[in-house]
Amino acid sequence: MKVTRAALPFLPLCQRLLPSRLAGLSMTLLKATALEIVILAGHLLLYPSGMAQERRAPLPPAPSPEDAAPLPTEAKPPVVLLHGFIDNRSVFVLLRRSLAEHGRRQVESLNYSPLTCDIRTAAELLGRHIEEICERTGSKEVDIVGHSLGGLIARYYVQRLGGDLRVRTLVTLGTPHSGTAVAPLANAHPIVRQMRPDSPVIEELTRPAPGCRTRFVSFWSDLDHLMEPLETACVDHPDLIAQNVQVSGIGHLALPVHPAVATGIRQALDTPWTEAPAATRTATRATTHTGGLTVA
């Protein structure tokens, strides 16, 4: 990537000081770190534009019976984008454009308050938003893409508040499904404490969820500095239909903006569970691990 070329002069030094394998890892880490810095800078510029809630465009008037065209038999459900902690909908500018360019006409980004202190409350609010979206669009279900904390809020809604009746597919990006131990000094914030491995919220998500209808697709990165351990970003629950996709070469902030990940998200949303490989569909709702994406 062009944004990481500044790190190239350091490669010979890394190769002299470290074994070749470690030098390669260090170079990958340098590239990922440089990309994270660039993304952070760009996101800070866009952040003010995403502070307000998105305006809902009114639906066009229903055509008269004489002019009505036959509806498609498999209309794609709306996609709901849910951001992470201390963030807003501006993080999804590129992903939203990618989805729209590939046939997703109904894509909505939801903001929850940066003062949100409880995942359960945020999940209830998400449920009300989804009911409004379904009523407004006439759709019976939605797909959700959640980055980081947004994925955890969406999972709580699906698994603990009956949201599997409304959510067809939940895609999570760098979400601490089993809790993360990173940055212990951040425990002053209540919602950070709820993302710890021993929190009551994480414990609730380990409880049985028989018959959950939603399909989970979790993208996790081997260079995600906010996931400790890294595998906490995987869905691991015997009652959930889940696919975990490893992404190599990028960090936490790059997950919702990288074009290769966007392609993987589109594939996850556009592949109905009934068309997935039979071995996966009949895996007694066990978690499956798919091949990874190398995007460095």
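Contact here means heavy atoms within 4.5 Å. Keep that in mind as you look at this predicted model, where local features need pLDDT of at least 70, side-chain atom pairs count only at pLDDT 80 or more, and totals for chains, interfaces and linings use all residues. Residues are numbered from 1 along each chain as its sequence is written, and side-chain values use heavy atoms, with hydrogens and water left out.

**A residue on the inside**
- Asp-143 touches Pro-77, Pro-78, Val-79, Val-80, Arg-104, Arg-168, Thr-169 and Leu-269, leaving aside residues up to four places away in sequence.
- You'll find Asp-143 in strand β3, residues 142-147; strands (E, at least two residues) and helices (H or I, at least four) are DSSP runs numbered from the N terminus.
- Asp-143 is buried, with a relative accessible area of 0%; buried means under 20%, exposed over 50%, and partly exposed in between, using a 1.4 Å probe and protein chains only.

**Two helices that cross**
- Two packed helices are described by the angle between their axes and the distance between the axes.
- For helix α3 (residues 93-101) and helix α8 (residues 259-270), the axes come within 10 Å and cross at roughly 50°; axes are lines fitted to C-alpha atoms, for helices over the stretch in contact, and angles run from 0 to 180 degrees between N-to-C directions.
- That makes α3 and α8 oblique to each other, the label for whatever isn't roughly parallel (under 35 degrees), roughly antiparallel (over 145) or roughly perpendicular (65 to 115).
- On the α3 side, the contact is made by Leu-95, Ser-98 and Leu-99, while α8 brings Ala-262, Ile-265, Arg-266 and Leu-269.
- Sorted by type, the residues of this α3 and α8 contact are five nonpolar, one polar and one charged; Ala, Val, Leu, Ile, Met, Phe, Trp, Tyr, Cys and Pro count as nonpolar, Asp, Glu, Lys and Arg as charged, and the others, Gly among them, as polar.

- Most residues other than glycine have a negative phi, and most peptide bonds are trans.
- Ile-86 has a positive phi, near 50°, and sits in the loop between β1 (79-82) and α3, where Ile-86 is exposed at 54% relative accessible area.
- Ser-148 also has a positive phi, near 55°, but Ser-148 counts as buried at 10%.
- A cis peptide bond, with omega about 0°, joins Glu-228 and Pro-229.

**Cysteines**
- Searching the whole structure turns up zero disulfides, meaning pairs of cysteine sulfur atoms within 2.5 Å.
- Cys-117 is partly exposed at 41%, whereas Cys-234 is buried at 5%.
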